[in-house]
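Please read the points below with the model open beside them.

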Amino acid sequence: MIVEIGLIGDEAAYELRQLQKWLRDDDELRRATISDRNAPMESGDMGPVLEALQVLLEPQGVLTALAASVGTWAGVRRRGVRIRVRSGEKEVEIDASRLRDPDDIASRILRELDGKPEA
């Protein structure tokens, strides 16, 4: 399963780097492959701009660990973060400033992408 995670806001690229480090430090996600997806280069750009993280989950059951980790990360941010998580045709956008509880964020990701609430 491939999951794409993007953030919306003024410091989205910086916050994505923070999320990337967070996910790579999560023991439950050590089997996931996390890679950058850069925005298309435009005239005047000095280099690539991180647009999203692409996470390859093997086995598929790791989605629960990913959702929990993203929820916890969003819950400890000092400023509000808007998160967009996509897998195939399914997508969920979460305003983490409104859902400060990591379990609520994780449950919403699972419900929208996997079609069932977190067990």
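Predicted model: local features only at pLDDT ≥ 70, side-chain atom pairs only at ≥ 80, totals over all residues.

1. The axes of helix 2 (residues 63-75) and helix 3 (residues 102-114) come within 7 Å and cross at roughly 140 degrees, where axes are lines fitted to C-alpha atoms, for helices over the stretch in contact, and angles run from 0 to 180 degrees between N-to-C directions. That angle makes helix 2 oblique to helix 3, because angles under 35 degrees count as roughly parallel, over 145 as roughly antiparallel, 65 to 115 as roughly perpendicular and the rest as oblique. The crossing of these two helices is right-handed, a term used if the near helix is turned clockwise from the far one, and left-handed if it is turned anticlockwise, by less than a right angle.

2. Residues are numbered from 1 along each chain as its sequence is written, and side-chain values use heavy atoms, with hydrogens and water left out. Helices (H or I, at least four residues) and strands (E, at least two) are DSSP runs, numbered from the N terminus.

3. G71 deserves a separate look, as a residue placed in helix 2. With a relative accessibility of 0%, G71 counts as buried, where buried means under 20% relative accessible area, exposed over 50%, and partly exposed in between (1.4 Å probe, protein chains only). Apart from neighbours within four places in sequence, G71 is in contact with P102, I105 and A106. From A12, G71 is 59 residues away in sequence and 16 Å away in space, C-alpha to C-alpha.

4. Helix 2 also meets helix 1 (residues 12-24), the two axes coming within 10 Å and crossing at roughly 130 degrees.

5. How are the strands arranged? Five strands form an open sheet in the order 2-3-1-4-5, with antiparallel pairing, and two strands are taken to pair if DSSP finds at least two bridges between them. Strand 2 and strand 5 (90-95) stand at the edges with a single partner strand each, so one side of each is left without a neighbour in the sheet. Neighbouring strands are turned by 20 degrees against each other on average, direction ignored. Helix 1 packs on this sheet, touching strand 1, strand 2 and strand 3, and its direction makes about 20 degrees with that of strand 3. Helix 2 lies across strand 1, strand 3 and strand 4 (82-87), running at about 10 degrees to strand 1.

6. The pairing can be followed strand by strand. Strand 1 (residues 2-8) is joined to strand 3 (residues 50-56) by four bridges, with E4 standing opposite Q54. Six bridges join strand 2 (residues 33-38) to strand 3, and these two run antiparallel; here R37 stands opposite A52, and the bridge partner of I34 is V55.

7. E4, in strand 1, is buried, with a relative accessible area of 15%. Its side chain and that of R37 are joined by a polar contact of 2.6 Å, meaning a pair of N or O atoms within 3.5 Å; within protein, one must be able to donate a hydrogen and the other to accept it, and residues adjacent in sequence count only if both atoms are side-chain atoms. Not counting residues up to four places away in sequence, E4 touches R37, A52, L53, Q54, R84, V85 and R86.

8. Two residues remain to be noted. D95, in strand 5, counts as buried at 19% relative accessibility and touches V81 and R82, not counting residues up to four places away in sequence. R100, in the loop between strand 5 and helix 3, counts as partly exposed at 36%; leaving aside neighbours within four places in sequence, R100 is in contact with A74, G75, R77 and R79.

Notes. Contact = heavy atoms within 4.5 Å.
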